[in-house]
Structure formats: structure tokens, C-alpha cells
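Take a look at the model below. We will go through a sheet and then an interface.

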Amino acid sequence: MTYDQASLASAPRLSARPLTLALALLLPLLACRHSHVSGTASTDAVLAAFKDGGFDVTLMNVVEPDAWTAEHCVSGKISELEVLVCEFKTDEGLAGGSDEVRRGWDAVNVDTGVVLHNGRTMLAIADRAKHDPSGRAIARMLNAFRALP
Amino acid sequence: MAQLEGTKRGPGPGLDLGDLPPRRRDGAARARPAPAGKRPLSRPRCVLLWLSLLAPLWALSPTVARADGPMARYQGMHPLSPHQGAFCYIDAFHMHRVPPPDQRVYLVLKDGTNVFIGDPVALGYDGPKFGYFGPHPLAIADAQGLPPTFCYISGPHYHAAPQPPSPSLVEKDGVTWYLGALPPPADPGRVWINEVHPIASYVPPKVDVSMAPPGYHPFPYGLPATAPVPPSPAAPKAKPAAGPGRAAAPRPGQPPPAAAPRVPSAAGGHP
């Protein structure tokens, strides 16, 4: 048996243990990780559309989506407005997430709040300090969001 | 909330050894502390305990759980309070903390959503606009549960969107005229829209009834739906409306001016 043959024969045995260990560690993490939803505009596409529209999206981050019964969410500030974009697997989840957002506005000082759907992607914008009193920036974001396929 | 956080994180300022009972300072007490449930609480700890027990009730009180109560619901663009020129350009369903200051220019849907139906330009809107003269069917986008709606503004005015094509809507010189049947009887509140004052800089479409297309007839106010449509021969000459650019609309309890079809003026009729 040559070195190559020996190494080939032993390679699976040698790598099996670390591989199993890695899988055992990573599988739970993968199971917990929320993924994008196919068939609806992704949060990445939404942020790209906002960026194309001249908005700075660097303060948007992936957030835990469970609070809105969503699969994947990004949240942060765009033009001093609080923005949340979520992908939902079902229409029921989408409706529940929208209601949850609106309920939240009743409990905090929000001057203006918008929730809009495109497919099963939800865009929620809240202006908490009258940064956009005329809603022009919000309207631009809504138009960019609506234009997504 | 600072009190609550302090409770969760343990003793706060002032809870040093000096506050503990003397027996806690002896060696025996340190070596073999009594069970927590049986140990008498010091006064500060007791206060904190009560605060922590009362915290959920405090958090559920209406003043905390709802900062300002439910927000007002709007569909589409609308003037902002106090209707002195500021305008909201959000063309979708949205919510504001402030309710409409003047319901004469709004329809209210069953779910409480306010839909602006007035002349947006007259109240500060500066986007694309489409001229109209007199009452006409009013299509409102994305307003579910809304029956067929009419705009009851009597004279020249604007809307932010064109109306869907219809044989009864005729455009002439950039202004749309409604040549169809008499609108449904106006809810008295709906014609009050003609009493709303525009902002000072407002310039309505430069048109009057003498420029109407053939077949146009001015719509009287307050007529029942079964009333015959007045014939429309030579349109009478426009005359200035009463007040600052408009005539008074009938109020509930007042007889409608059915006998004298209202002739909108070039300056009047806008909200």
C-alpha cells in the first residue's frame, strides 16, 4: 500500500470524528438560523433598492425575526427613520407581523407609521421624532419597495 | 424603570453592610446563613421587594402601556394639521399621532381610516395635479369598503390623481368636467367641503362654467336623487361666490337650495 493509498484509505476515518463533531455543533445553529423566504422580495433586495434610491442603509442589521413571527428580518435606521423589513412564509404570519408592528406604535411615541406589503415581504417605517414630517422620504422608500418584483 | 433594573441587578446604592441587620455581621451568620425564606428582610430590601411585586401592575397601567393611545389612520396623501400648508405625501395606508383637524375634507371608512377627498393643492400639496370643475365621481385608490364616491366641490379645483376613463368625464383645456347623471344626494356634511378655506397661495384652475364642454350642466346642491337634472342651455355667467372664495353650503336642518341651482364661480368651489 502506497502512502497515497494509505492516506486515502485512512482519510475518511481520520476526518470522520472532527466532521461529526462539527456537524453536531453546527446543526443546532443552522436549525436556529432564520433563512430567506423564496417567492417574495428578500430583505437584501429591499435594501439594495433603497440604496439605489439614494438612501444610506449601513445602519440596517439582521435582527431576530421571531417577535414578528417572520422568517428573516432586518432593522435599523434610514434617514433617521426606524425601518423594519421582514420576510414571511405565510399570509397569516404576514398579517400577524403587521398587527404586531401597529400595536407597538400605540405604546410608544410614534408620529408617523407605515406598514406596506409586497408579496410576503413587509416594510414598516416609523418616524418617532418628526424627521420626515411631510413623509417625502417615506414615500420614496415606499415607491422603491413597491417597484420590487 | 430604573428602579426595576436595580431590583433585578441586586442591591442598589445605599444597600451596603451598614444597612444589614447586625446579626449578619457576625461570623456565624456568614458561615451558616439562615434560609432565605425565613430570614427577616431589612427595610430597604422589603421596599425593593414590594416595588418588584408592584412593577407589573405599574407597567400595565394605561398611562405606560399606551403612550398616547391608538394612532389615527389615514389612507393616502392628506393635509397635515392644522391645514395651513403642510402636507403628508405618503400615498399608502399609514398612521399619525394626530387626528384630522377638519373632517369636512375626509371620508371615514368603517375601520376609522380617514381618506382625504378635498383639493390637495388648496391645502398645500405641490405635486402633480389634475384640474376639475364641479362635482364628479371620485375614485380613491386602495380604499377598500368605500362605496362609489363623489367629489362635491362646486367650482374649479384639483386632485392629485386623474380619474379612471369614463364616457361621462370629458377633458377640455386640461380640466375634467363631469357630464353624467346627477350625483347621489349629498350628505350635508359632504358639501361642507366647500366652506373649507384654502391656503393663501392657492390658485385654482383658471376656468369657469362658461368654458364648459357641450352637454355640461351645473349641479345643484342638496337635491334628492330623484330630482330632475336642470336643463343645461347657455351656462349662466359665473359670479363671485360669497365669502372668501366660496358660497355657504347648506347645514343640517336648513332647506337645500334646490330651487336655485348653484353656479360655481371661477374662484369658488375649492376646499
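Two strands count as paired if DSSP finds at least two bridges between them. By that rule, four strands of chain B form an open sheet in the order 10-7-12-11, with mixed pairing. Keep in mind that this is a predicted model.

Strand 10 (156–159) and strand 11 (169–172) of chain B are the edge strands, and each pairs on one side only. Neighbouring strands of the sheet are turned by 35° against each other on average, with direction ignored.

Strand 7 (residues 130–133) and strand 12 (residues 175–178) of chain B pair in the parallel sense. Three bridges link strand 7 of chain B to strand 12 of chain B.

Next, the interface. How many residues of chain B are in contact with chain A? There are 19, and they meet 18 residues of chain A. On the chain B side, strand 3 (87–88) and strand 4 (93–96) are the elements that give two or more residues. Strand 4 of chain B provides the largest share, three residues. By class, the chain B side has twelve nonpolar, three polar and four charged residues.

Strand pairing also crosses between the chains. Strand 4 (residues 112–118) of chain A and strand 4 of chain B run antiparallel, joined by three bridges. Within strand 4 of chain B, B:H94 is the residue that stands opposite A:V114.

Definitions and conventions: Residues are numbered from 1 along each chain as its sequence is written. Chains are lettered from A and ligands numbered from 1 in the order in which they are written. This is a predicted model: local features need pLDDT of at least 70, side-chain atom pairs count only at pLDDT 80 or more; totals for chains, interfaces and linings use all residues. Two residues are in contact if their C-beta atoms, placed from the backbone, lie within 7 Å. Ala, Val, Leu, Ile, Met, Phe, Trp, Tyr, Cys and Pro count as nonpolar, Asp, Glu, Lys and Arg as charged, and the others, Gly among them, as polar. Axes are lines fitted to C-alpha atoms, for helices over the stretch in contact, and angles run from 0 to 180 degrees between N-to-C directions.
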